[in-house]
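Visitor: I'm new to this one. Could you show me how to read it, feature by feature?

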Amino acid sequence: MLSQMPPVVVEGLSAAFTLHRAWEQPDRNAFIREVASDIRGLAPGVHYHVGGPLFDMLPNLEIVSSMGVGYDTIDAREAGRRGIIVTNTPDVLTDEVADLALGLLVATVRQLPQADRYLRAGGWLEKPYPLTATLRGRKVGILGLGRIGKAIATRLEAFGLDIAYHGRSRQDVPYRYEPTLLGLAEWCDVLLCVAPGGKETDGIIDAEVLKALGPDGVLINVGRGSVVDERALVEALQAKTILSAGLDVFADEPHVPTELIAMEHVVLLPHVGSASVETRRAMGQLVVDNLLSWFAGKGPVTPVPETPFTGTAFA
Ligand code: NAP
Ligand code: 8YV
């Protein structure tokens, strides 16, 4: 384990395997080199890049069990080339993140955190809180209609809002498909990003897309911060060429641009989409289950597409 993970993972892995706790060592890299030949499974934890250089250090590595559905910090293609399995934690967090996305959308459009701050500061004693924008009649464009995107769409239907989506392919769903992201931004006035990070999506929500979203436009991002060109977003918000943004994810977490922090008309969350006790426990259990299953010779439970299981688990 490279960085400290929740108790369910530490305890679950310690009970079944020899767990090397790299995060407790004064020199993590020296420690990894020391135990390298013993390491057959890796539970990296968060904020740790796992790719070629680390694989080079671990000649007997068979499986990387990552916590989180997004695995943009892991070079899964390189793992695949080397015959190393990568697993993630899909599905168990889908509804939790979708709930958070809807909460963030309402909070952003109706200014819930700002209104809370207003009351606490005594503003209500002076005069009512100013009227806000509305969610009514809005058209929501979802970038990334996957598991979480679909769970968000179901909730948006209940809110009575129009829905369209963009992804690399059209799906058999009752929502409008926009073949380009720019087309989606032109159509909608809420752009909701729940797309994965990585090279393919890096900065695709750029100045042009934000301009297309328009002056009443709201950006909600629960996908990855890297998908948004943060400089362009700051400029669009400062110039008010878009109305507002609700962000759960940032390009360089936990660092958030000071310009965003200084703005009153945005809602900022510290990457809490899946952060309930129950959901984090379920994610952690799946990290453990992938390793248990693999080393019992039954294959991984949830391998990522770049490293499909071909029936050669070690017993
Ligand atoms: P998923 O089922 O794999 O869905 C991802 C969707 O993104 C797919 O519909 C895919 O559609 C689309 N996509 C992939 N590459 C794209 C590209 N280059 N351009 C446009 N669309 C693209 O994954 P999920 O379970 O819904 O999770 C989605 C993401 O949410 C994760 O990768 C993670 O980054 C983020 N997430 C955030 C939190 C949080 O706490 N805020 C929690 C969980 C997950 P096509 O294949 O048709 O392109
Ligand atoms: C986690 C996430 O906060 O699943 C993801 O992709 O972004 C979040 O659920 C993160 O992976 C840390 O475990």
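Visitor: Let me start with helices: is the crossing of H1 and H13 left-handed or right-handed?

Guide: A crossing is left-handed if the near helix is turned anticlockwise from the far one by less than a right angle, and right-handed if clockwise. Here, the crossing of H1 and H13 is right-handed. The contact involves Val-8, Val-9, Gly-12, Leu-13 and Ala-16 of H1, together with Arg-281, Gly-284, Gln-285, Val-287, Val-288, Leu-291 and Leu-292 of H13; contact means heavy atoms within 4.5 Å.

Visitor: Before we go on, what am I looking at?

Guide: This is a predicted model, where local features need pLDDT of at least 70, side-chain atom pairs count only at pLDDT 80 or more, and totals for chains, interfaces and linings use all residues. Residues are numbered from 1 along each chain as its sequence is written, chains are lettered from A and ligands numbered from 1 in the order in which they are written, and side-chain values use heavy atoms, with hydrogens and water left out.

Visitor: At what angle do the axes of H1 and H13 cross?

Guide: Axes are lines fitted to C-alpha atoms, for helices over the stretch in contact, and angles run from 0 to 180 degrees between N-to-C directions. The axes of H1 (residues 7-16) and H13 (residues 277-295) cross at roughly 20° and come within 8 Å. That makes H1 roughly parallel to H13; angles under 35 degrees count as roughly parallel, over 145 as roughly antiparallel, 65 to 115 as roughly perpendicular and the rest as oblique.

Visitor: Which residues of H1 are buried?

Guide: Buried means under 20% relative accessible area, exposed over 50%, and partly exposed in between (1.4 Å probe, protein chains only). In H1, the buried ones are Val-8, Val-9, Val-10, Gly-12 and Leu-13. The buried residues of H1 pack against H13.

Visitor: Which residues touch the most other members of the largest nonpolar core?

Guide: In soluble globular proteins, nonpolar side chains tend to be buried together. A nonpolar core is a set of buried Ala, Val, Leu, Ile, Met, Phe, Trp, Tyr and Cys residues joined through side-chain atoms within 4.5 Å. The largest one has 49 residues, and Val-9, Leu-13, Leu-105, Ile-142, Ile-152, Leu-156 and Val-222 touch the most other members. Among the elements that give two or more residues to this core are H1, helix H5 (94-109) and H13. H5 provides the largest share, 8 residues.

Visitor: Is Thr-87 buried or exposed?

Guide: Thr-87 is buried, with a relative accessible area of 0%. Thr-87 belongs to strand E3 (residues 85-87). Leaving aside neighbours within four places in sequence, Thr-87 is in contact with residues including Ile-63, Asn-290 and Val-304.

Visitor: And what about Ser-293, buried or exposed?

Guide: Ser-293 is buried, at 14% relative accessible area. Ser-293 sits in helix H13 and touches Lys-298, Gly-299 and Val-301, not counting residues up to four places away in sequence.

Visitor: Now the backbone. Which residues does a cis peptide bond join?

Guide: A cis peptide bond joins Glu-253 and Pro-254, with omega about 5°. Pro-254 lies in the loop between strand E9 (244-247) and helix H12 (258-262).

Visitor: What is the phi of Gln-111?

Guide: Gln-111 has a positive phi of about 55° although it is not a glycine. Gln-111 is in the loop between H5 and helix H6 (112-120), and is partly exposed, with a relative accessible area of 24%.

Technical notes. Helices (H or I, at least four residues) and strands (E, at least two) are DSSP runs, numbered from the N terminus.
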